[in-house]
Amino acid sequence: MSTSVLATIAISQGLFIGLLLVLLVSRRLVLGALSNRARQYGELATRAVSRWLAGDVDDEHLRTRLEPLSFSHLSCFLQKLSAQVGGEHWERLTKVARGTSWYLSVCARAGSRLWWRRLQAARALRVVGSKEDLSRIEALLRDDAVAVRRAAVCCLRRVQSADLAEAALDMAAREPRVLRDQILETLAHGQGEIVEALITRLQGDEREQLRTALRLAGLLDMPILLPHVLAHVSAPDLEVRIAAARALASYPHASSSAALEALLDDPAWQVRAQAAAALGEIGARETLARLDHALTDSSWWVRLRAALALRRLGRDGLAVLEARHPEDDRYAFEMARYVLELDAAAIAEYSGAHVVDYAEAPASEHAA
């Protein structure tokens, strides 16, 4: 290879490294400038809001101070401020923000063809949304992008509406598990907005919609919903029976105990395990004998849930576990000893905040 070729390669590599260094330094300078600008804007907005909260300036003065802020800066500022200011002051502040050109950008971005702009709009509406934005929020709830739908769900905490809640409930049945749970937990905070629509869906027969409705009924634990949950304990569909048993874990009532006790004889082990767990959840002491019999079930998961339920029933349940002997039933005895030796942390880990949803993987015992 000639000297000129080697020199050309060396010069090219040197230029490349030099350009790379220039790019890195320029990027650092630009990011630093942007960070300083964001800090200055934040300080400006904070001072304006502080004076406004102190009563030194009126709404119009605050609006003129917020107007120069860019869309992203004002969006970030309002999202941070929403965690610090609440009540009447926050409502007045959102009214001021909605009077700026920033809010016009929010409305425009809600209908943008670019999903990240719609995401920005959804995040903004969850802190300053109002009844005027119902149609925009409903459209964002039906967006093609999952990230946009997740952000739009948070708007339901800010803007409560029966129509929005119903749209979100219908949407939940078609969503992945994580997003579905987020939607249902959000809906559970606005109980009065969803009860009528929920009862209507509990009277339907479509599997996914029923499972979703039963899950929400369990989160709401409202007595008016109990008869509608009990109507599905003998449903022909396995996953609906599982969902019904799980929902009954939130309804400590004699009719719930009777229904769950009957489900201990269900042909599907998933239902029997869920029923045993739910009996422990509601503290059904009258079912001690049935839970004791469930310790001899052919399914390991049913025996485990029955033993855990007995332990949760206090002194009487512990006595049942301690009374088990290996000569009566070896498997029941081993399960009783196993659960008796668990510490409080292990019991909490098994129980969790909610009863396990076996229906997520009905063909696998790992679902238990």
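Me: A residue counts as buried under 20% relative accessible area, as exposed over 50%, and as partly exposed in between (1.4 Å probe, protein chains only). Which of these classes applies to Arg 207?

Reply: Arg 207 has a relative accessible area of 38%, so it is partly exposed. Before further cases, please note that this is a predicted model, in which local features need pLDDT of at least 70 and side-chain atom pairs count only at pLDDT 80 or more, while totals for chains, interfaces and linings use all residues. Residues are numbered from 1 along each chain as its sequence is written, and side-chain values use heavy atoms, with hydrogens and water left out.

Me: How should I read a salt bridge, and how many salt bridges are found in the whole structure?

Reply: Side chains of opposite charge can pair when their charged atoms come close. The criterion is a side-chain nitrogen of Lys or Arg within 4 Å of a carboxyl oxygen of Asp or Glu. A search of the whole structure gives 23 salt bridges. One of them joins Arg 63 to Glu 60, with an N to O distance of 2.6 Å. Both residues belong to helix H2 (residues 59-66) and are 3 residues apart, about one turn of the helix. Glu 60 is partly exposed, because its relative accessibility is 45%.

Me: What does "helix" mean in these labels?

Reply: Helices (H or I, at least four residues) and strands (E, at least two) are DSSP runs, numbered from the N terminus.

Me: What is the N to O distance in the salt bridge of Arg 207 and Glu 239?

Reply: The side chains of Arg 207 and Glu 239 meet at 3.9 Å, N to O. Arg 207 lies in helix H12 (residues 207-220) and Glu 239 in helix H14, so this pair ties together parts that are 32 residues apart in sequence.

Me: Which distance applies to the salt bridge of Arg 211 and Glu 239?

Reply: For Arg 211 and Glu 239 the N to O distance is 3.2 Å. Because Arg 211 lies in H12 and Glu 239 in H14, this pair ties together parts that are 28 residues apart in sequence. Arg 211 and Glu 239 are both buried. Through salt bridges that share partners, Arg 207, Glu 208, Arg 211, Asp 237 and Glu 239 are joined into one network. For Glu 239, the relative accessible area is 11%.

Me: Is Ala 243 buried or exposed?

Reply: Ala 243 is buried, because its relative accessibility is 10%. Ala 243 is located in helix H14 (residues 238-247). Its C-alpha atom is separated by 14 Å from that of Gln 203, 40 residues apart along the chain.

Me: How is the packing of two helices read?

Reply: Two packed helices are described by the angle between their axes and the distance between the axes. Here the axes are lines fitted to C-alpha atoms, for helices over the stretch in contact, and angles run from 0 to 180 degrees between N-to-C directions. Angles under 35 degrees count as roughly parallel, over 145 as roughly antiparallel, 65 to 115 as roughly perpendicular and the rest as oblique. A crossing is left-handed if the near helix is turned anticlockwise from the far one by less than a right angle, and right-handed if clockwise.

Me: At what angle do helix H8 and helix H10 pack?

Reply: Helix H8 (residues 146-158) and helix H10 (residues 177-189) pack at about 15°, with axes 8 Å apart. H8 is therefore roughly parallel to H10. Their crossing is left-handed.

Me: At what angle do helix H18 and helix H20 pack?

Reply: Helix H18 (residues 300-312) packs against helix H20 (residues 330-340) at about 50°, and their axes are 9 Å apart. H18 is therefore oblique to H20. The crossing of H18 and H20 is right-handed.

Me: At what angle do the axes of helix H5 and helix H6 cross?

Reply: The axes of helix H5 (residues 101-110) and helix H6 (residues 115-128) cross at roughly 130° and come within 8 Å. H5 is therefore oblique to H6, and the crossing of H5 and H6 is left-handed.

Me: What is the phi of Asp 221?

Reply: Most residues other than glycine have a negative phi. Asp 221 is not a glycine, yet has a positive phi of about 40°. Asp 221 is in the loop between H12 and helix H13 (226-230).
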